[in-house]
Amino acid sequence: MGKIAIVYWSGTGNTEAMANFVAEGAGGQADLFTPGEFSADLISSYSALAFGCPSMGAEQLEEAEFEPMFEAVKPRLSGKTIGLFGSYGWGDGQWMRDWVQRTNDANANIYTDEGLMINETPDEDGLAKCREFGKGFAAY
């Protein structure tokens, strides 16, 4: 796979830790961005994009920064390889199922239909899952 962008938002550091370990698993092939640093204009520079956002409120993406960025890039995701990940503290993962559906509706190639969800702060097992996700994503 070519260049990978990992775009994440993190309020408590959990999803940021996940993003760093996804990047590590990808073997150093990834550029990390926050939503404020990433725009639709950058999509053509990458063959694959991983997006990370925790579950917020009523199981939704973070609304002030991440959601507007994702909506802005969504029209350009068609045909791109996309991975989705994030942490959560409650609920059953509906935010991830909705996010996967939205990304599928944009005709993207989803790396895994379940995404990667870690409850609360990633422990060693969770961080290993992030590395494996990054490794598999980079090879997808």
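Helices (H or I, at least four residues) and strands (E, at least two) are DSSP runs, numbered from the N terminus. The model described here is predicted, so local features need pLDDT of at least 70 and side-chain atom pairs count only at pLDDT 80 or more, while totals for chains, interfaces and linings use all residues. Residues are numbered from 1 along each chain as its sequence is written, and side-chain values use heavy atoms, with hydrogens and water left out.

The secondary structure comes to four helices and six strands, and reading along the sequence gives the pattern β-α-β-β-α-β-α-β-β-α. The C-alpha trace spans about 35 × 30 × 25 Å along its principal axes. For 140 residues, a compact globule would have a radius of gyration near 14 Å, and the 13 Å of the protein agrees with this; the radius is taken over C-alpha atoms, and the globule rule is 2.2 Å times the number of residues to the power 0.38. Of the 140 residues, 49% count as buried, where buried means under 20% relative accessible area, exposed over 50% and partly exposed in between (1.4 Å probe, protein chains only). Among contacts (heavy atoms within 4.5 Å) with a separation of 6 or more, 76% come from residues 24 or more positions apart.

Helix α1 (residues 14–25) has twelve residues and reaches 17 Å from its first C-alpha to its last, close to the 16 Å expected at 1.5 Å a residue. That expected span is 1.5 Å times one less than the number of residues in the helix. In α1, the buried residues include N14, M18, F21 and V22. The buried residues of α1 pack against β1, β2 (30–33), β3, β4, β6 and α4. Just after α1 comes G27, with a positive phi of about 75°.

Helix α3 (residues 94–105) also has twelve residues; its end C-alpha atoms lie 16 Å apart, in agreement with the 16 Å that it should span at 1.5 Å a residue. Its buried residues are W95, M96, W99, V100 and T103. Seen down the axis of α3, these residues fall within an arc of 135°, so they line one face of the helix; the arc is that of the directions from the helix axis to the C-beta atoms. Their cover includes β3 (48–52), α2 (66–73), β4 (81–88), β5 (109–110) and β6 (116–119). T103 shows this setting well: at 0% relative accessibility, T103 counts as buried, and beyond four places in sequence T103 touches F70, I82, L84, A108 and I110. After α3 comes N107, whose phi is positive, near 65°.

Next come the nonpolar cores, each a set of buried Ala, Val, Leu, Ile, Met, Phe, Trp, Tyr and Cys residues joined through side-chain atoms within 4.5 Å. The largest has 27 residues, and those with the most contacts inside it are F38, F51, F66, V73, L77 and W99. At least two residues of this core are supplied by each of β1 (4–8), β3, α2, β4 and α3. Leaving aside neighbours within four places in sequence, W99 is in contact with F51, G52, C53, L61, F66, F70, L84 and F85. A second, separate core of 20 residues includes A23, F85, L127 and C130.

Rings of Phe, Tyr and Trp (its six-membered ring) pair if their centres lie within 6.5 Å, and planes under 30 degrees apart count as stacked, over 60 as edge-to-face and the rest as tilted. The structure holds 13 such pairs. In one of them, the rings of Y111 and F133 have centres 5.1 Å apart and planes at 80°, so the pair is edge-to-face. Y111 lies in the loop between β5 and β6 and F133 in helix α4 (residues 124–139), so the pair ties together parts that are 22 residues apart in sequence. The rings of F133 and F137 have centres 6.3 Å apart and planes at 10°, so this pair is stacked. F133 and F137 both lie in α4, four residues apart, about one turn of the helix. Both are buried, F133 with a relative accessible area of 6% and F137 with 1%. Ring pairs link F85, Y111, F133, F137 and Y140 into a cluster.
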